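Let's take a walk through a protein fold together. Keep the viewer open and follow along as we go.

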Amino acid sequence: MTASPRIPATIVTGFLGAGKTTLIRNLIENSGGRRIALIVNEFGETGFDGGLLAECGDDACRPDTVVELTNGCICCTVADDFLPTMEMLLARDPAPEHIVIETSGLALPQPLVRAFTWPSVRHRVTVDGVVTVVDAAAVAEGRIAPDDAALAAQRAADPSLDHDDPVAELFEDQLACADLVVLSKTDLVDAAALGGVEAVVRGEMRAAAKSVRATGAGLPPAILLGLGAAAEDDAFARKSHHDLEGEAHDHDDFDSFVTTVAPAASADDLAGRVRAAMAVEGVLRIKGHAAVAGKAAAVAVQAVGPRVETWFAPGKPASGLVVIGLKGLDRAAVEAALGL
Ligand SMILES: Nc1nc2c(ncn2[C@@H]2O[C@H](COP(=O)(O)OP(=O)(O)OP(=O)(O)O)[C@@H](O)[C@H]2O)c(=O)[nH]1
């Protein structure tokens, strides 16, 4: 009897709002009906991306299964949530042809890759690749990449300071684990700035990793799938800051809450409020669905940095907005900006 080949799994990681869901959605649409199972993990208790992925359109482009894990960051719930989910997917008949896992924007990919060395999955699944999505526009604007000069100046001014910027650390950890780096939003960045972004990214990537440029139209499945990296084989060599510093990883640096918004006069009015809320110190990401006066359909909201997108989403409840940011962000100020 020959052993059945292992099912390839692709881990898609990257900071909050980098473009992970957009990339996966395009991948599913262009996968030619391949049986792809999706595991979607979000920080904060309300799932938003799972809905975006499941509503992909006609049956031909629908993922085989979408499992949402909203019980915290996947890197910290590996044993409780992730492994049972994998076992459930592996028990399906027919089994998926490919498994795609979208981590939350605050997750470290390293513990997840290591989970693939666990006995219950290692004989049946291989990590085809860790794909790290980097928001090229945000890096070009200095909103995500570590500002080494500023950090050095801060340290020099206060020798007791030993706490790195949590956003910069995550950015570095997510890049250090990548087999493939996808630079998203290159449509928003000019060629010279893109060269600078690539230099920053190269400085954090493993030498064997590659990078590709992408726009909102995504990338061909042949670029994203079939990397054959078997990342579980060197899972413990892919180190995060926490591994190197001997600390446990937690998400104490970040916070999230779900809030409702008083009905806005129009989608533009809502976008203006969300823009004001994004400007509150420490806010990193806002997304969800809100009501607009006189309209039956809720408006979907996507905000990353200064960019706010809205569109009508018929059939979706106005279930509120998820706000994610640095610990200690001023919830009252965010809600005031949203018009509560
Ligand atoms: N112009 C442009 N916008 C993009 C691109 N990729 C993603 N976006 C937009 O960026 C926003 C965030 O994209 P998502 O795909 O939801 O990002 P994400 O990484 O899944 O976000 P989280 O799950 O919250 O971490 C959305 O408004 C997208 O439309 C791109 O290549 N170009």
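The paragraphs below go from the whole chain to its sheet and then to one helix.

Please keep in mind that this is a predicted model. The protein chain contains 13 helices and twelve strands. Of its 340 residues, 44% count as buried. If you take the contacts with a separation of 6 or more, 80% of them come from residues 24 or more positions apart.

Now turn to the sheet. Seven strands form an open sheet with parallel pairing, in the order E3-E2-E4-E1-E5-E6-E7. Its edges are strand E3 (65–69) and strand E7 (210–213), each of which pairs on one side only. From one strand to the next, the twist averages 20°. Strands like these pair through backbone hydrogen bonds, either parallel or antiparallel. For a closer look, find strand E1 (residues 7–14) and strand E4 (residues 98–102), which pair in the parallel sense over four bridges. Val12 has Glu102 in E4 as its bridge partner.

Next comes helix H3. Which residues of helix H3 (residues 78–90) are buried? They are Phe82, Thr85, Met86 and Leu89. Viewed down the axis of H3, these buried residues fall within an arc of 100°, so they line one face of the helix. An α-helix has 3.6 residues a turn, so residues three or four places apart point the same way. On the other side of H3 you will find Ala79, Asp80, Pro84, Glu87 and Met88 exposed.

What do the buried residues of H3 pack against? Their partners include the sheet strands E2 (36–41), E3, E4 and E5 (125–135), along with helix H4 (109–115) and helix H5 (119–122).

Notes. Residues numbered from 1 in each chain as written. Predicted model: local features only at pLDDT ≥ 70, side-chain atom pairs only at ≥ 80, totals over all residues. Helix = DSSP H or I, 4+ residues; strand = E, 2+ residues; numbered from the N terminus. Buried ≥ 20, exposed ≤ 12 C-beta atoms within 10 Å, placed from the backbone. Contact = placed C-beta atoms within 7 Å. Pairing = 2+ DSSP bridges. Axes fitted to C-alpha atoms, helices over the stretch in contact; angles between N-to-C directions. Arc of directions from axis to C-beta.
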